[in-house]
Amino acid sequence: MSSNNKKWFSLNLSNRKKEQSSSCSCGNTSGQCASQQTPEVIDNEQNKDGFEQVFDVTMDRRTAFKKLTASLMIGAGAVSTSCSVISSDESKEKAQIDWEEQFKGNYRLMTDEEKQATVERLVRSYQLRTGKTINMSSKNAEENVLFGYAFNISKCQGYMDCVNACVEENNQDRNSQMQYIRIHEMKEGNGFNFGEADDNYYHEVPAEGHFYMGTQCFHCDNPPCTKVCPVKATWKEDDGLVVIDYDWCIGCRYCMAACPYDGRRFNWSQPEVPEEEINKNQHYLGNRMRKKGVMEKCTFCVQRSRAGKNPACVEACPTGARIFGNLLDPDSTIRWVLENKKVFRLKEDLGTEPKFWYFMD
Amino acid sequence: MINKYKYILLLGCSLILISLLFSCKSHHEDEYHNIVDKIEAKSTLYNGTSISSEAYIEPNTIEITEGEHTFLIPERKSQITSYACTECHAKPLGELQDSTKYKKAHWNIKLKHANAHTMNCVTCHNSADMDNLKSLTGEAIDFNRSYNLCSQCHTQQFKDWKGGAHGKRIGGWAPPRASLTCVNCHNPHQPQIKSKWPVRYNTQKEIERD
Amino acid sequence: MKRLFVFINLIKDSLDTITRGSKGYHLWMGFLTFVMLVGMYCYGIQLDQGLSATGMNDSVSWGLYISNFTFLVGVAAAAVILVMPTYVLKDIDFKRAVLIGEGLAVAALVMCLAFVIADMGGPSVLWHMIPVIGVFNFPDSMLTWDVIALNGYLFINISIPFYILFRHYQGKEAKSSVYIPGALLSVFWAVGIHLVTAFLYQGLQSRPFWNNALLGPRFLASAFAAGPALIILVLAVIRAYTPFSIEDKTIKKISLVVTVAAQINLIMLVSELFKEFYAPTHHSESAYYLFFGLGEKKALLPWIWTAISMNVIATLLLTFHKLRNNFRVLFFACTILFLAIWIEKGFGLIVPGFIPGSYGKISEYTPSGIEIGVTLGIWALGAFIFTILSKTAIQIEIGALRYKKQK
């Protein structure tokens, strides 16, 4: 890992050198081990994004506009690699995976077998690149489940433990400090005045005379973002989660303009997470590694919630201000909150029907 | 010629109309007026799910039933250092109060809970029965069910806690439900939650906004 | 078979035409090529780094590209101003200008598509949008309507002039029964592309600045001002530098269209300003930002006031017959009107839609050098295409380019 002095992990399918140096019999990764091979220096090392991954060549800026014809060249690259006698079985396999991944269909329209197959390809591809195994799920929505969320404004103290937990759980880009959750510090007596609220404070909390309100994707029942997507790369699942197929997204950012709640984030550059911080328990629609130029957002931690766990933010909240559960279960705590507390939602007049309620003690 | 144009015009208009109709029809509105109606309607058919959060709940829990709510809370007694209290408090408390004879015990506990008019140690502790707490009327309350003590004054919080609006849920969202009890978050002697610094600060966002 | 042969000959002849010309022509084309190459280099950098190479961010997620796209859709739609009188109402005056107008529409549409592609995060997966192979979210997504509208309009605007020129190339008259239905369709279509593009923004309940019923009509009015204004300028250049003669009468007629559209546009602007500022709600914040700035944030202030003053001056100049009929004044008025609408309907419309953000936060937008480079490159591409198209068309129309049977 220390071979090219890279602190970050980045999706880099075409860098074959990595896996050679990744394991060493003495387990020493700092480069002191005598048996470790010195890897060749790759001089124009750079981050590879989703569609550069499929090139089997390293590229510099001078050749960059050749990328315009990316898809064609991927095909050519894959064919030449798979026909080549010289290249190893592994790189053939990688080319095969890249080819299938580039031209696979929309996840929502896949059968369960196809979903399983793409998940297996992604796991295998990760293994080929890094030598590490991840666990990726393609679990579908469960019957009789509709996820909902409630946020207790009187309880939140603004500690931001939820933000931390969310970033770690969901493998968000560390460079741009992408965060799904925003905590707005509001002045008591000013009502819910978001304009005057501070969502990036750093002082001892809770501050005198202030209260805190968290926002994130509200998983609207009538989501404006999914309606505008030209390719149906984002949709509402049966359990109410609004999800994105990162591989199908074309990055037009129309959904971002359509969301009234600032719930969506765009990967303006190649997202990077330090290798040791990667959460390896993943879901296809959730926290698997993203690439540059695609949208992402809160999925109520689909990898956790579909397994019965609470989302990371709920689990991390030290005050119990965050309540998550099944809206269809009449005995669930979320239902009790909706039925017994004075709940409201943000921008209800827009008709988006968010499944994220606020309440006070 | 003019007839021909009219025909084309008509054709164009009807094409537009058809496509509009098509788009309105395919735009299948949910059969429910809003999300609350949908929840109400769909939950009448609710017959449980296969998802359980049993696996995520720690073993040291006890089941309690309060009103119509039954759920798990963490067991308390095993978490208290040197419980049972009677292991030290063999004699009644009155005999231990001579400071010339004995070293001060529990000196670190400062009571910051209500004011001195309302509460002191013996409001909750029983000098005659140290292994149990006591209610305002002097009845014994088990340490594992200390919420019964808190609920004497904090009735609204107790109601919310039973329902699930107050107190953190542990394990998962799926049944069975397990929640923290009062003393897991609030120190009973100083129940106010302390202030601290936020765990992170987003420097990128500041740059973006300047 | 014979037709194919003629077609091949046409291609050969037109290639011959466009590679020959005066020194000025070569300099012009060389300059455009250079700018295009710079644009491609910038785009290469953008592909490499991702869209972080631009000035856009999570709060202002559309910028210069989409602004130019919006404006150019209007320019493209304006071709209809010439098409309708010529083909449908049989106005002889416009006949010579119409091919230029349609060439302009084609160039503008190519630029529109290029701007949209430049704005995409994943251009390599754009095939996801192709119906049947990909998933086309029609009719829910207005973007898919726009894709259909733009490509259809491009097709119409290529095929009609091509048919006419192809006939003229062979020395035959173009049959009106063939092109008139197409011309009629293009009239509807032109209004359609612009309305649909307005609906793209108008349909977003999250952005109150755009979510306003006047947006579509105002798009049309400003398009019918800016587009023909550009056509007047282009005709003036063509008249001066090529043997293709265009009568004063044609230009005067087009200028009348520009005048009326500019006046209507101004009325709508007044109506919009009245609504935003007479009884301002928190939905007026974007307008406040645009026209007066919010606190310290006032980046768009100099732009919008320049645009509005140019708009008013141009409309005033055009309104008086005496001034309008003076070609110097007319060309000046057209230039400033075009620039004014480019500002007003470009980033004057797109950027304030995102400011303040969903929760009232303000982060301003300044395009990066890369972004400006790509934008200039695409404009150069448009100019390049237009030059090629109009040069071929002019040569055919003045009879210099004819199919020679059996050389």
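**Note on domains, a helix and a chain contact**

1. Chain A is divided into domain 1 (34–134) and domain 2 (147–181 + 216–359), with bounds from an automatic or database domain assignment. This is a predicted model: local features need pLDDT of at least 70, side-chain atom pairs count only at pLDDT 80 or more, and totals for chains, interfaces and linings use all residues. Residues are numbered from 1 along each chain as its sequence is written, while chains are lettered from A and ligands numbered from 1 in the order in which they are written.

2. Domain 1 of chain A contributes twelve residues to the contact and domain 2 of chain A contributes 13 residues (contact: C-beta atoms, placed from the backbone, within 7 Å). On the domain 1 side, helix α4 (residues 112–130) of chain A gives the most, with three residues (helices are DSSP runs of H or I, at least four residues, numbered from the N terminus).

3. Helix α2 (residues 23–49) of chain C has 27 residues and should span 39 Å at 1.5 Å a residue, which agrees with its end C-alpha atoms being 39 Å apart (the expected span is 1.5 Å times one less than the number of residues). After α2(C) comes G50(C), whose phi is positive, near 90°.

4. Among the buried residues of α2(C) are L32(C), G39(C) and Y43(C) (buried: 20 or more other C-beta atoms, placed from the backbone, within 10 Å of its own). The buried residues of α2(C) pack against α5 (95–119) and α15 (369–397) of chain C.

5. The contact between chains C and A takes 42 residues from chain C and 46 residues from chain A. On the chain C side, α2(C) gives the most, with seven residues.

Definitions and conventions. Contact = placed C-beta atoms within 7 Å. Helix = DSSP H or I, 4+ residues; strand = E, 2+ residues; numbered from the N terminus. Buried ≥ 20, exposed ≤ 12 C-beta atoms within 10 Å, placed from the backbone.
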